[in-house]
Amino acid sequence: MTSSFGVFFSRDAYWDYHHTAGHNLFAGLLIAAALAWATPPHFYSFLLYVALAHLHLLLDYFGSGPGWPIHYLWPWKSATFQNLHAWPFYSWENMVAFGVLLLWTFWIVRRHCRTPVEVIAPRLDRLFVDWF
């Protein structure tokens with residue numbers, strides 16, 4: 001699956017630039033800051049989003065398939081981290097990680113009566129929580 005970037009340019013451009021510009025420390029900090037700005041308490045939210053960005057990079061390192069380097073210090077340095085023994089994208093390991101994170105999300109819904117949709121669609125969040 002590609003984003004609109006891939007539609008306007010090419011699939012290769014999407015694969016190259018998505019992983020280079022989107023999977024690094026700078027992008028993680030930028031996205032964490034933007035999300036934390038909208039999620040009080042801002043400081044603790046920022047720390048949580050930075051941790052989640054690093055979890056994403058860690059899962060990419062192991063589970064995006066061999067040949068997908070992490071450009072962690074881009075745009076400052078061109079060095080990459082690459083796991084030549086990474087499991088394929090559609091592997092049982094990725095399915096287990098997905099299942100665990102999905103179950104965690106359902107636990108949060110049950111325990112705290114909130115969903116990830118809460119920030120952008122509060123009424124839909126309420127409907128889902130009430131249904132669940």
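How far apart should the ends of α5 be at 1.5 Å a residue, and how far apart are its end C-alpha atoms? The 21 residues of α5 should span 30 Å, and the end C-alpha atoms are 30 Å apart, which agrees. The expected span is 1.5 Å times one less than the number of residues. Helices here are DSSP runs of H or I with at least four residues, numbered from the N terminus. Just after α5, C113 takes a positive phi of about 55 degrees.

Please note that this is a predicted model, in which local features need pLDDT of at least 70 and side-chain atom pairs pLDDT 80 or more, while totals for chains, interfaces and linings use all residues. Residues are numbered from 1 along each chain as its sequence is written, and side-chain values use heavy atoms, without hydrogens and water.

I turn to the largest pocket, whose volume is about 1400 Å³. A pocket is an open set of points, on a 1 Å grid over the protein atoms alone, where a 1.4 Å probe fits, with protein on both sides within 12 Å along at least five of seven lines; lining residues have an atom within 4 Å of a point. The volume is the space filled by probe spheres set on the points, which are joined across faces, edges and corners. Of the 34 lining residues, L35, L48, Y49, L52 and P116 are the closest to the centre. Helix α4 gives the most to this lining, with 10 residues.

Finally, L48, L52 and L59 are among the residues of a nonpolar surface patch of about 800 Å². Helix α4 gives the most to the patch, with six residues.

Technical notes. Helix = DSSP H or I, 4+ residues; strand = E, 2+ residues; numbered from the N terminus. Patch = residues over 30% accessible without salt bridge, like charges linked within 9 Å, V, L, I, M, F, W, Y side chains within 5 Å. Areas by Shrake-Rupley, 256 points an atom, 1.4 Å probe, with all protein chains shown as cover. Salt bridge = Lys/Arg side-chain N within 4 Å of Asp/Glu carboxyl O.
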